[in-house]
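Colleague: I'm new to this one and would like a quick tour. Can you put it up on the screen?

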Amino acid sequence: MANFIFRVLLTLVLSYLCNRVNGKANFKEIDEKLKQLNKPAVKTIQSEDGDIIDCVDIYKQPAFDHHALKNHIIQMKPSFDLKEERLSSKNESTKLAIFQTWQRSGSCPEGTVPIRRIRREDLLRAKSVQQFGRKPHEVVLKSNTTIEHKDGQLPSINTTALAMPVIVNRSAATLVTVGYNYIGAKADINVWTPNVEAQDEYTTAQIWLKAGPGDNFESIESGWTVNPQLYGDKRTRLFAHWTKDSYKTTGCFDVTCSGFVQTSSQYLLGGSIEPVSTEFGQQYDLTVGIYMDPNTANWWLKIGKDIPVGYWPASTLLFYLNHSSTLVEWGGQVYSSNVKKKPHTKTGMGSGQFASGLRGNACYMDNIAIVDFSMQLKYPQWVGTWADEQYCYTALNYQEGYGTLPIFYFGGPGQNYNCP
């Protein structure tokens, strides 16, 4: 009798485990999601960092799963050229090239795009199959905090006051500009690998272009991130992200959902970046630009030496950003349930050092620029710095001398003596 009861209980337990994974999803749901995410490959590349890269026919990429893009005709390259003001920073002559790890193992043929293969263990790390690839929903405490001109900032750098939301589960240190017709932004983003304490936390260094109401804004973003829950390791990786409802139900990282149309066979969204900067050693930068094509309203992502990676088709995907962006941010963000409370997370931002450490110690953004309908890259007329938790992560817009662009420094270690 005891053996019979034991066998019944074992059967029930095994049945439960087969249908539930970490209390989140059943295997059938996971397998269906994998089938949806991973498209048939023309060629497969095994990267030395452990990633599997599928070279997918450009017309069979995940973007076309979106109902609004079923009959979308791919724009293979931007239809615009940008003029750039020749005001340079002092770092201009010292730029060192970076690359993606997978590029050492092969390349994708023409007519295909590289896509990082999603595996079962990737989905198992997510809070749910539905949440996989998305930034968590912002938990907003209030939305009337104002940032002002900071003491010590050079008078040649115009600043203004603006309201910034207080978000419970994120901590940011950013340079901000507001306006009515930004159609592009760029920066050279210093590349580091900061500490990420917990698997469900992440840190970014990125550019945001936003439009729409504060509680339901649209945002397109790119930069680098360390995100162990999404990617399964603590490598620094190139990412892109979009949302049309403040991260509530839409958008995702990279191409883990339909939306972003990739055109380049050279760059892998979600691919690891190397080399990374070292303290008081070599400094490496990732050039990121996001620009709206005035002829198509597609928002193009360009990486490195002006290489188009692909675009967000705003006319079918977005509403407010179909015309322009009204707010641009450059800087870093840490996601954690342990920000703005004690004990604070030890997840770092930028280099993991405060902005006051400057070049070689702190993470920076150089050659910052916006684009308006003049189609010219130029430094923003009005900027302000902002840090949610100035004892944990800091922001500093620093100009070495007249005739050069200011350099924006940001970051910090998270928990420390003054940020317990």
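Colleague: Let's start with strand β8. How many of the 13 residues of β8 are buried?

Modeller: In strand β8 (residues 170-182), 10 of the 13 residues are buried, so the strand is largely enclosed by the rest of the structure. Buried means under 20% relative accessible area, exposed means over 50%, and partly exposed is in between, with a 1.4 Å probe and protein chains only. Strands are DSSP runs (E, at least two residues) and helices are too (H or I, at least four), numbered from the N terminus.

Colleague: And where do these coordinates come from?

Modeller: This is a predicted model, so to speak of local features we need pLDDT of at least 70, while side-chain atom pairs count only at pLDDT 80 or more, and totals for chains, interfaces and linings use all residues. Residues are numbered from 1 along each chain as its sequence is written, and side-chain values use heavy atoms, with hydrogens and water left out.

Colleague: Back to β8. Which strands do bridges join to β8?

Modeller: Strand β19 (residues 325-335) is joined to β8 by 10 bridges, and the two run antiparallel. Strand β22 (residues 384-387) is also antiparallel to β8, with four bridges. Two strands pair if DSSP finds at least two bridges between them.

Colleague: Which residue in β19 is the bridge partner of Thr177?

Modeller: That's Val328. On the β22 side, Val176 has Gly384 as its bridge partner.

Colleague: New topic: the largest nonpolar core. Which residues touch the most other members?

Modeller: Trp224, Leu301, Trp312 and Trp330 do, out of 76 residues in that core. Strand β20 (residues 363-371) gives the most to this core, with six residues. A nonpolar core here is a set of buried Ala, Val, Leu, Ile, Met, Phe, Trp, Tyr and Cys residues joined through side-chain atoms within 4.5 Å. There's also a second, separate core of 12 residues, and Ala126, Val129, Leu230 and Phe239 are among them.

Colleague: What does Leu301 touch?

Modeller: Leaving out residues up to four places away in sequence, its contacts include Phe260, Leu269, Ile290 and Trp312. Contact means heavy atoms within 4.5 Å.

Colleague: How many aromatic pairs are there?

Modeller: A search of the whole structure finds 11. In one of them, the rings of Phe239 and Phe253 have centres 5.5 Å apart and planes at 65 degrees, so the pair is edge-to-face. Rings of Phe, Tyr and Trp (its six-membered ring) pair if their centres lie within 6.5 Å; planes under 30 degrees apart count as stacked, over 60 as edge-to-face and the rest as tilted.

Colleague: Are Phe239 and Phe253 buried or exposed?

Modeller: Phe239 is buried at 0% relative accessibility, and Phe253 is buried at 2%.

Colleague: What about Trp300 and Tyr311?

Modeller: Their ring centres are 4.9 Å apart and their planes are at 50 degrees, so that pair is tilted. Trp300 lies in strand β17 (residues 298-303) and Tyr311 in strand β18 (residues 307-313), so the pair ties together parts 11 residues apart in sequence.

Colleague: Last one: where is Asn38?

Modeller: Asn38 is in the loop between α2 (27-37) and β1 (41-46). Its side chain reaches the backbone oxygen of Ile118 at 2.7 Å. Asn38 also touches Arg117, not counting residues up to four places away in sequence.

Methods. Polar contact = N/O pair within 3.5 Å; in protein donor to acceptor, adjacent residues only side chain to side chain.
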